[in-house]
Amino acid sequence: MKKIILFGVPTHENIGDAAIVIAEEKFIKDNFKDDEYIRVLDTETDKEIERIKNIINENDIILLHGGGNLGDEYIICEERRRKVIQSFPNNKIILMPQSIYFNDTEYGRTELEKTKELYEKHKNLHLIAREKTSFDIMKKEFKNVDIILTPDIVMYLNKTKDEERNGAVLAMRRDIEKILTEEQFEKINEAVSKCYEDKIITDTHLGDIQIYCDIREKTVEDKLNEFRHAKLVVTDRLHGMIFAAITSTPCIVLGNYNHKIESSYDWLKGQGYIKFVKNVDEIEEKIKAIKNNNKKYCYNNEFAIKQYQKIIDLIRE
């Protein structure tokens, strides 16, 4: 029996990250029942590194929480990740499915060089990109690191239920990654209102509410419930798109300021009910088409399960 230690479990306000943890833990428990699982919260990284050093064996595996924070935008996450990688030079370390984005600024380039230098020193580090653009960037930047490609781990989940559906959900971001103007948002809002009388305006971010372990499951399930009771989701959130996919909810998704949504869409476009648009002007026509279709869909995650076999093999090797 070995230990599988997941570092970087988030406690912040992003429901997408909370869903990633739920999916990571289900993935581990489904596929590694005989191994001991240890979770380490992001805020306890420094303290837990010292504790884990006293109990870890060379055959134990360290997993680093996935998501979209490999870069300079959320530098505290990257700094914590660097500490873990530096602290366990003799263990296999696997970064769960991530997107990479370093800004093309002096600061961004400097932080990328720090990351490259540290990552390439580790002899048993494996990076998993969650979309093709990040995979290509990682292959270009990290010459001596093993890199594989799988979908975002939340696609491992199938949260479809046969529920009565009504109205629409607008899951729109309001943080630093927002690119829509207020005028564009209002245009989307008006287009939705023309076709759906009932409407919820929401986000996959809870503002100032920290998502600790005791409320994680309920918080994610409540958000999924909003999606699975809707006839349509319009979103510019990556996990808005993924939540729509895993609840079999028709969805129109817009891109954000980097590549992670558009590139991740490649995994889901085969489902048939997720539609990516590059221009707000396309949305009204797409909404009408979805409303007139009225087809019932069902999420099929076989494509994702096949891809995740790469992670299973990596942990078992």
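**Figure legends for a predicted protein model**

**Figure 1. Overall view of the surface and fold.** The accessible surface of the protein comes to about 14400 Å², and carbon and sulfur atoms hold 46% of it; areas follow the Shrake-Rupley method with a 1.4 Å probe, and for residues only the protein chains shown count as cover. This is a predicted model, in which local features need pLDDT of at least 70 and side-chain atom pairs count only at pLDDT 80 or more, while totals for chains, interfaces and linings use all residues. Residues are numbered from 1 along each chain as its sequence is written, and side-chain values use heavy atoms, with hydrogens and water left out. The protein contains 11 helices and 12 strands (DSSP runs numbered from the N terminus: helices H or I of at least four residues, strands E of at least two). Along the principal axes, the C-alpha atoms fill a box of roughly 60 × 45 × 35 Å. Of the 317 residues, 56% are buried, that is, under 20% relative accessible area with a 1.4 Å probe and protein chains only, whereas exposed means over 50% and partly exposed lies in between.

**Figure 2. The nonpolar cores.** A nonpolar core is a set of buried Ala, Val, Leu, Ile, Met, Phe, Trp, Tyr and Cys residues joined through side-chain atoms within 4.5 Å. The largest has 86 residues, and Phe 7, Phe 27 and Ile 274 have the most contacts inside it. Helix α1 (residues 15–31) supplies the largest share of this core, nine residues. A second, separate core of 19 residues includes Cys 195, Leu 232, Val 277 and Ile 287.

**Figure 3. Surroundings of Ile 274.** Leaving aside residues up to four places away in sequence, Ile 274 touches Met 241, Ala 244, Ala 245, Thr 249, Cys 251, Val 253, Tyr 265 and Leu 268; a contact means heavy atoms within 4.5 Å.

**Figure 4. Helix α9.** Helix α9 (residues 260–268) is largely enclosed by the rest of the structure, because seven of its nine residues are buried. These buried residues are Lys 260, Ile 261, Ser 263, Ser 264, Tyr 265, Trp 267 and Leu 268. Two of them, Tyr 265 and Leu 268, are among the residues touched by Ile 274.

**Figure 5. Glu 141 in helix α5.** Glu 141 belongs to helix α5 (residues 132–141). This residue counts as buried because its relative accessibility is 13%. Beyond residues up to four places away in sequence, Glu 141 touches Leu 112, Lys 116 and Glu 120.
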